[in-house]
Amino acid sequence: MLALASFISSCAAQSPSAARTVDTAMAGKTHDLSVSAMFYNADIVVKVVMIGLLLASIGTWTVLIAKTIELKRARQRAVDAVAKLSEARGLSEARLALGNADRLTAALLSEATRELRLSSDILSGPGVKERIASCFAEVERAEALSIKRGTGLLASVGSTGPFVGLFGTVWGIMNSFIGISKAQTTNLAVVAPGIAEALLATAVGLFAAIPAVLIYNHLARQTGAYLELVSNVSGELLRIVSRDLDRGHHANKIQAAE
């Protein structure tokens, strides 16, 4: 601010008569300082910055709507799967209960079936359940990556939005300084519109960044809750597999006794 005041004073001192002439000319002139007018009159770089930030804001709200719908449906499927699996005594009953399973439960069932098939000659070994649990962990990680897809935009907008807006503001104020130097006047009517247009870029940056941060945190909590349900689904299936393995081990012992 001191530098700006010094700059304005030096401009006024250089040509006081020219400054008085411009001041008189600008005294009766009014400026439209509405948001639309400031955007229209802004420098092309400032306009590009504001348009980019507005597009980022639209993307933020689009991600919110899309991920909210996706998470709601995924949570409902996971809750239904847990309810169905809790009554199943074995994998065959689990398949019948799930019917046309969704992508997650189908992947978990497929991994359990594949590992049981590959370990068919060592079903009594204690490592079968560990290998199935490892396969389930891989499915859970893949599901976590899938459900988080798209939220990276929110993090980017939230972290860079204010700085992008600040860049537009700095560029606009720089152009205002140039205009003050050319006009050689300290009249507020000359200085204010350019600075207001520049500050609008910072306002747009905050308008894009603040919702992005809040939405990112909200979706992070919702995603965490959904992944807990995914863990419950895999836990139920692992218990079902464990019961099947124990039944097979018990049957082998009976056959050996006979």
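How many residues has α7, and how far does α7 reach from its first C-alpha to its last? Helix α7 has 21 residues and spans 30 Å between those atoms, close to the 30 Å expected at 1.5 Å a residue, where the expected span is 1.5 Å times one less than the number of residues. The model is predicted: local features need pLDDT of at least 70, side-chain atom pairs count only at pLDDT 80 or more, and totals for chains, interfaces and linings use all residues. Residues are numbered from 1 along each chain as its sequence is written, and side-chain values use heavy atoms, with hydrogens and water left out. Helices are DSSP runs (H or I, at least four residues), numbered from the N terminus.

**Helix α7 and residue K129**

- The buried residues of α7 are G127, V128, I132, C135, F136, V139, E143, A144, S146 and I147; buried means under 20% relative accessible area, exposed over 50%, and partly exposed in between, with a 1.4 Å probe and protein chains only.
- K129 also lies in helix α7, and its relative accessibility of 33% makes it partly exposed.
- Leaving aside neighbours within four places in sequence, K129 is in contact (heavy atoms within 4.5 Å) with L238, S242 and L245.
- The C-alpha atoms of K129 and R239 are separated by 9.2 Å, although the two residues are 110 residues apart along the chain.

**Packing of α6 with α7**

- Two packed helices are described by the angle between their axes and the distance between the axes.
- Helix α6 (residues 103-118) and helix α7 (residues 127-147) pack at about 155 degrees, with axes 9 Å apart; axes are lines fitted to C-alpha atoms, for helices over the stretch in contact, and angles run from 0 to 180 degrees between N-to-C directions.
- That angle makes α6 roughly antiparallel to α7, given that angles under 35 degrees count as roughly parallel, over 145 as roughly antiparallel, 65 to 115 as roughly perpendicular and the rest as oblique.
- Helix α6 passes α7 in a right-handed crossing; a crossing is right-handed if the near helix is turned clockwise from the far one by less than a right angle, and left-handed if anticlockwise.
- From α6, the contact involves R103, L104, A107, L108, E111, A112, R114, E115 and L116, and from α7 it involves V128, R131, I132, C135, F136, V139, E143 and S146.
- These contact residues comprise ten nonpolar, one polar and six charged; Ala, Val, Leu, Ile, Met, Phe, Trp, Tyr, Cys and Pro count as nonpolar, Asp, Glu, Lys and Arg as charged, and the others, Gly among them, as polar.

**Packing of α5 with its partners**

- Helix α5 (residues 91-98) and α6 pack at about 160 degrees with axes 12 Å apart, and are therefore roughly antiparallel.
- The α5 and α6 crossing is left-handed.
- On the α5 side L91, R95 and L98 meet T105, L109, T113 and L116 of α6, giving four nonpolar, two polar and one charged residues.
- The axes of α4 and α5 come within 9 Å and cross at roughly 140 degrees, so these helices are oblique to each other.
- Helix α4 passes α5 in a right-handed crossing, with A81, K84 and L85 of α4 in contact with A94, A97 and L98 of α5.
- By class, the contact of α4 with α5 has five nonpolar, no polar and one charged residues.

**Residue T60 in α4**

- T60 belongs to helix α4 (residues 44-85) and counts as buried at 1% relative accessibility.
- Not counting residues up to four places away in sequence, T60 touches L153, L154, V157, P211, A212 and I215.

Key: Helices (H or I, at least four residues) and strands (E, at least two) are DSSP runs, numbered from the N terminus.
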